Amino acid sequence: MASSRLVAPELATIKVHGLTREAFLMRSTLAAGAAYGALSATGLISSALAETSGGDVDILNYALTLEFLETEFYTQAAKRVKGLAKDESDLTKELRDNEAAHVDALTATIKDLGGKPVAKPTFAFGGAFGSRMAYLKTANVLEDTGVSAYNGAAPMIKSTDVLAAAGGIVQIEARHAALIRLVRNRPPAPRAFDAASDMDEILKAVKPFIKA
Amino acid sequence: MTDSALRELADDPSSRKRFFKMLGGAGAVSAATAFLAACGDDEDKAAGKPPAAAEVMDNNNSDLKVLNYALTLEFLEADFYKRVIASGMVKDAKVASIAKKFGQTEQEHVEALTATIKKLGGTPVKAPKTNFQPTLDKGLMEVLNTAATVENLGAAAYLGQAGNIKSKEVLAAALSIHSVEARHAAALNTLVGRGFGDGKGGLEGSLPDGAFAKPMSEAAVLKAVKPFLA
């Protein structure tokens, strides 16, 4: 996107109903997942989504939740991780700023579509900032997870404008994943075809980081 | 690169399987297209759903066009890595392993796209005749810089087609390649020391467009790769 906002004026007139409830369901199921384990969360979220209209706003709110997670992760990492080399510290700040820009763009897009952006969850990253290695490993997992989440959700997007926006973001997540992997001395692109994960798989992966 | 990292470079058979699983529906679409086309106009009118056959056919044809365009770019990339490795100019073990792995990956993309095009009832384009010798003659840094630029181009090319793809299965498959091209681009840009980029676009830098990747049109991409075509 040329700007940080999705330009889709014709879509802004579409009214999306039930989003307050939708946002609430998404948030509370994520919290329930943290408290009771992945299975209860995935069950809840499937039924929650089945009851509502679905659609692009739901997918955008799902993406927004993941971008909140990544933004918070790098914001804390930039402050707390000790022993990073200068280029690693620069990378951390670059990734933080990119993820924050994704949060802003997704929030604006959801509003443009007449939806209600989900609230930022409370995150807990455990020992992820205890060492350089722990931080980089978690960052690697989060970025690879982000790629497969977007790749899995994008084909369900109805609007070509929203799809283009999601494509512009997933490419950045993939670049992030490669950069973090290089720092870790890991192959930047381990597979010829990146994975596409469904929401259940992603929620299971990020569950340990979501407190409420 | 450490030994364990090198071991991770080993083939991942599950990723190929996953690609074809995504395309599970594509064969069915192709068969349906053939069936609907065979039914002809009279059948459609009698059934009261006239646009179905034509629409499915058009969507199939436009996806085939996108897939053949992608195949042309993958041929170009695969050929480039093959020539670079054959030249023996890459001495550094880390760079060599990345060039080899990326080259294998592009070859897998060629094979997967070829299979997909056939599955949809289309004819895969032939590999274009390339002209990378002038690049090779300029030495390793020029080669790596070119690889970085071409991968950025590939990522932008796939992104530019996302909205044109009609079939969800084909879209899912293209996305699974798009993010790999993006990984290649970021890694090569870092290896040649380009940094993040200015965030204002272009084909240089690991994050040349900043937080939001920019697409490129087919015309712009074909113009950019023209120097490499014989």
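**Helical architecture and chain contacts in the predicted model**

Of the 212 residues that make up chain A, 53% count as buried. The structure described here is a predicted model, and the values that follow were computed from its coordinates. Chain A contains 8 helices and 0 strands, so that, read from the N terminus on, its elements follow the order α-α-α-α-α-α-α-α. Among the contacts of chain A with a separation of 6 or more, 80% are accounted for by residues 24 or more positions apart.

Helix α8 of chain A, which spans residues 199-206, has I202(A), L203(A) and V206(A) as buried residues. When α8(A) is seen down its axis, these buried residues fall within an arc of 100 degrees, and they therefore line one face of the helix.

Chain B contains 9 helices and 0 strands, and from the N terminus on its elements run α-α-α-α-α-α-α-α-α. Of its 230 residues, 44% count as buried. Residues 24 or more positions apart account for 72% of the contacts in chain B with a separation of 6 or more.

The two chains touch one another, with 36 residues of chain A in contact with 42 residues of chain B. On the side of chain A that touches chain B, at least two residues are supplied by each of the helices α5 (86-112), α6 (132-153) and α7 (160-183) of chain A. The most is given by α7(A), which provides 15 residues to this side of chain A. Divided by class, the side of chain A that touches chain B comprises 23 nonpolar, 8 polar and 5 charged residues.

Within chain B, helix packing was examined for α7(B) and two of its partners. Helix α7 (residues 140-161) and helix α8 (residues 168-191) of chain B pack at an angle of about 150 degrees, and their axes are 8 Å apart. Because angles over 145 degrees count as roughly antiparallel, α7(B) is roughly antiparallel to α8(B). The crossing of these two helices, α7(B) and α8(B), is left-handed. From α7(B), the contact draws on L144(B), A147(B), A148(B), E151(B), N152(B), G154(B), A155(B), Y158(B), L159(B) and Q161(B), while α8(B) contributes A174(B), I177(B), H178(B), E181(B), A182(B), H184(B), A185(B), L188(B), N189(B) and L191(B). By class, the contact of α7(B) with α8(B) consists of 12 nonpolar, 6 polar and 2 charged residues.

Helix α7(B) also packs with helix α9 (residues 218-225) of chain B, at an angle of about 160 degrees and with the axes 9 Å apart. This angle makes α7(B) roughly antiparallel to α9(B), and the crossing of α7(B) and α9(B) is left-handed. The contact is formed by L153(B), A157(B) and G160(B) of α7(B) together with E218(B), V221(B), A224(B) and V225(B) of α9(B). The residues of the contact of α7(B) with α9(B) divide into 5 nonpolar, 1 polar and 1 charged. Helix α7(B) is thus roughly antiparallel to α8(B) and roughly antiparallel to α9(B).

Note on methods
Residues are numbered from 1 along each chain as its sequence is written. Chains are lettered from A and ligands numbered from 1 in the order in which they are written. This is a predicted model: local features need pLDDT of at least 70, side-chain atom pairs count only at pLDDT 80 or more; totals for chains, interfaces and linings use all residues. Helices (H or I, at least four residues) and strands (E, at least two) are DSSP runs, numbered from the N terminus. A residue is buried if 20 or more other C-beta atoms lie within 10 Å of its own, exposed if 12 or fewer, and partly exposed in between; C-beta atoms are placed from the backbone. Two residues are in contact if their C-beta atoms, placed from the backbone, lie within 7 Å. The arc is that of the directions from the helix axis to the C-beta atoms. Ala, Val, Leu, Ile, Met, Phe, Trp, Tyr, Cys and Pro count as nonpolar, Asp, Glu, Lys and Arg as charged, and the others, Gly among them, as polar. Axes are lines fitted to C-alpha atoms, for helices over the stretch in contact, and angles run from 0 to 180 degrees between N-to-C directions. Angles under 35 degrees count as roughly parallel, over 145 as roughly antiparallel, 65 to 115 as roughly perpendicular and the rest as oblique. A crossing is left-handed if the near helix is turned anticlockwise from the far one by less than a right angle, and right-handed if clockwise.
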